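This report describes selected salt bridges, backbone angles and contacts. Please consult the sequence and the structure shown here.

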Amino acid sequence: MKRLVYWLFVAVVLMFCRTTPVQAAASNRVLLVYDSENLKENGEQTIDSLSRTLASLNITVTVEKFSTYRAGELARGHFRGVITLVNWHQSRLTNPHFEKDRAAFTGKKLHIGQNLTAAEMQALGTAVTLTHQQYTLVDPAQNSQQLIPFTSDQWPMFPVDKNSVGELVQQSTGKHYAFGTINGHQAYLPAYRDTGLMGLLGTRLLAQFFIGQVTAQPPVLVLTGITPVSDLKLLKQTTRYLHAQGVPYALSATMTAANPQLPEHAAYLRTLAQAQVAGAFIFLQVPEVYDPSAQTATILQQQLNAQLAAAAQQGVFPGAISAPGYWMFDQLFSQSLHQADQNLLLANPTNYALNRYAPTNGYTPSLRTLIATPWTNFNAVSGSRQLTFATPTAWTINLPTSKKTLQAFRQQVRQWTDQSWWSLSADPAVMTVRASQAITVSAGQYTVAGRAVNVGEHVQVKKTAAKAPQTASQVNAFTRFQGNILLIFIIVALVILTIFLLYGRHIYRNQFRRKGRKP
């Protein structure tokens with residue numbers, strides 16, 4: 001009896017002491033863990049583009065650095081999958097807590113880049129490691145190919161099979177290897193970029209691996225860089241040319257509610273309204289925020305309401321919001337993104353610091369998210385010029401700013417005459433921009449506050465509450481304080497100089513005044 005009790009006790013102890021696998025969650029959440037931003041090689045752009053791609057797949061993404069990962073995060077976060085991004089393979093950075101949790105994780109695991117572990121290599125299958133090679137990237141499904149730059153990196157090459165995504169053809173031997181490899185709950189990409197054929201195939205692997213299905217949809221053509229100070233004549237020539245070529249398009253336009261009485265403001269909105277009447281879709285481009293503060297969310301909300309009201313009064317009805325990717329990872333900025341069912345996520349700007357007030361590492365996308373990628377980066381793709389994507393994709397191109405760039409734009413359009421395009425204006429999905437009076441669009445039909453309107457029709461919008469005073473940032477407050485002190489100093493100096501001038505004039509006049517005889 002004692003021996004039976006002893007063995008029961010041992011069994012219970014072993015049951016609680018053994019390693020418990022980290023179960024994957026049913027929700028569509030993915031943890032992206034990277035080793036370094038690798039600013040020297042623009043590695044931060046890879047993190048940004050990969051985050052935007054996951055959002056476009058309607059995946060809730062959490063971004064974490066190797067060095068900040070804490071034991072148990074995979075289990076606590078209820079993730080469906082995990083992505084290991086090796087952004088700087090020379091660093092050989094590791095985190096034992098992450099390696100242990102990843103090994104025990106039962107969900108989907110994707111490795112991007114070099115430095116595959118022995119366990120990952122074994123799970124993926126037999127590989128051949130090659131270095132100092134030139135490859136041609138091939139998409140057999142669309143009969144397209146692209147020569148990718150020579151690489152001295154060591155890439156594990158796996159054989160092509162039915163689950164492969166794209167192929168890499170070795171230039172020296174002509175041998176074919178898989179670009180994207182999927183084996184059960186393990187997947188591998190040797191590199192990731194959001195442009196060209198590498199971005200197209202990388203996105204397809206993400207969709208196939210994490211979503212389980214791949215849709216084929218053409219891109220949306222989006223003109224960017226449209227502001228109230230743009231050359232309206234060139235804007236009209238550009239949109240008319242696209243309309244004449246039968247190319248549906250969208251405009252990512254910056255709005256303003258300041259000085260609506262100016263004729264230039266009315267001319268700008270009138271030009272946008274004419275383009276929308278001709279079939280253009282309008283994205284409301286968020287403003288550039290250099291120094292966010294606690295009042296930023298309120299200010300952005302007020303600006304959005306005022307800009308949409310000013311636009312609607314001139315017959316312009318934006319149906320979505322466009323913003324740079326870093327807006328996903330700030331609590332204040334993401335509130336503005338979630339005011340629209342449809343977002344266009346642009347690449348992060350490089351002309352100003354990406355300051356955030358309330359940074360966060362997680363983002364849940366809106367109903368539909370489009371990832372923006374430069375159209376011209378696909379010019380190097382040969383073969384088929386009728387490409388489709390596995391996720392909502394926008395091909396962006398800047399608005400021409402001169403006759404020379406307008407000619408280059410027309411040449412770009414002529415190169416892609418076979419390309420099919422996605423028309424957001426004709427899309428039947430119901431999408432809403434929520435503001436003081438919501439704008440809803442479906443299949444080219446717009447409503448404002450529930451009332452059907454015609455594009456180009458002037459709409460009277462109810463006045464919103466008076467704008468709350470903006471709280472200046474510390475830098476602005478200090479600059480204003482300096483200005484006030486300087487103003488007071490100048491006024492005091494002018495008063496003193498005026499007194500001296502009057503007194504000196506009095507003394508000068510007395511020197512020439514004739515003195516009378518003494519009585």
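**Terms and basis**

A residue is called buried under 20% relative accessible area, exposed over 50%, and partly exposed in between, using a 1.4 Å probe and protein chains only. The model is predicted, so local features need pLDDT of at least 70 and side-chain atom pairs count only at pLDDT 80 or more, while totals for chains, interfaces and linings use all residues. Residues are numbered from 1 along each chain as its sequence is written, and side-chain values use heavy atoms, with hydrogens and water left out.

**Positive phi angles**

H78 has a phi near 55 degrees, a positive value in a residue other than glycine. With 51% relative accessibility, H78 counts as exposed. N38 also has a positive phi, near 50 degrees, but N38 is buried, at 13% relative accessible area.

**Salt bridges**

The structure holds six salt bridges, each defined as a side-chain nitrogen of Lys or Arg within 4 Å of a carboxyl oxygen of Asp or Glu. D48, R52 and D194 form a network of such bridges. The D48 to R52 separation is 3.1 Å, N to O; R52 and D194 approach to 3.2 Å between their closest N and O atoms. R52 is buried, with a relative accessible area of 1%, as are D48 at 9% and D194 at 18%.

Another salt bridge joins the side chains of R102 and E120 at 2.7 Å, N to O. Both R102 and E120 are buried.

**Contacts of H265**

H265 is buried, at 9% relative accessible area. Leaving aside residues up to four places away in sequence, H265 touches T256, A258, N259, P260 and A310, where contact means heavy atoms within 4.5 Å.
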